[in-house]
Amino acid sequence: GRHGSMSRVREAVVSTQSTGSLADVTALPQLNTLILSNNKLPRLEAAAGQLPRLHSLSLDNNQVGDWESIASLRNLPLLTTLRLRHIPLLTGPALDMRLLVVAMLPGITKLNGTPISANERLQADIHYLKFFGTEYHK
């Protein structure tokens, strides 16, 4: 293909400073670790079919401010490890924010370096229902 050996890249640190799209890195189908920390991403759009092998994603220190961005990460089928610290969206009580992210992303097993237990996931689902109420499962 036109990207040649780039198609085999497995780990990338991307400094975009602007775009919220993952389109720039979708030419890396083997990518399993992506670090987007310390950018100014206002939102994130992970589309179905993008980054099919991505296991680990770091979004620390970005400007993400909407829950839709977090929900879009469900389109990354193998994502299990997520770092999501110091973003405007998650400025509420730390535990509450963690539970919401855990509930929104059923596939992840580790958030901000801490494993997610079965009990925490159960608490997260209950918290999510209280927080979003009738918005759940739309």
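Mentor: What follows is about helix 2 and the core it contributes to. The model is predicted, so to speak of local features a pLDDT of at least 70 is needed, side-chain atom pairs count only at pLDDT 80 or more, and totals for chains, interfaces and linings use all residues. Residues are numbered from 1 along each chain as its sequence is written, and side-chain values use heavy atoms, with hydrogens and water left out.

Helix 2 spans 94-104; helices (H or I, at least four residues) and strands (E, at least two) are DSSP runs, numbered from the N terminus. Eight of the eleven residues in helix 2 are buried, meaning under 20% relative accessible area with a 1.4 Å probe, protein chains only. They are Met97, Arg98, Leu99, Leu100, Val101, Val102, Ala103 and Met104. Their cover includes helix 1, helix 3, strand 4 (81-83), strand 5 (110-111) and strand 6 (114-115).

The largest nonpolar core has 39 residues; such a core is a set of buried Ala, Val, Leu, Ile, Met, Phe, Trp, Tyr and Cys residues joined through side-chain atoms within 4.5 Å. Helix 2 gives the largest share of this core, seven residues, while helix 1 (67-72) and helix 3 (118-132) each supply at least two. Val101 is among the members touching the most others, along with Leu57, Trp67, Leu73 and Leu82. Beyond its neighbours within four places in sequence, Leu82 is in contact (heavy atoms within 4.5 Å) with residues including Val101, Leu57, Leu73 and Leu105.

Note on methods
Buried < 20%, exposed > 50% of the residue type's maximum accessible area, 1.4 Å probe, protein only.
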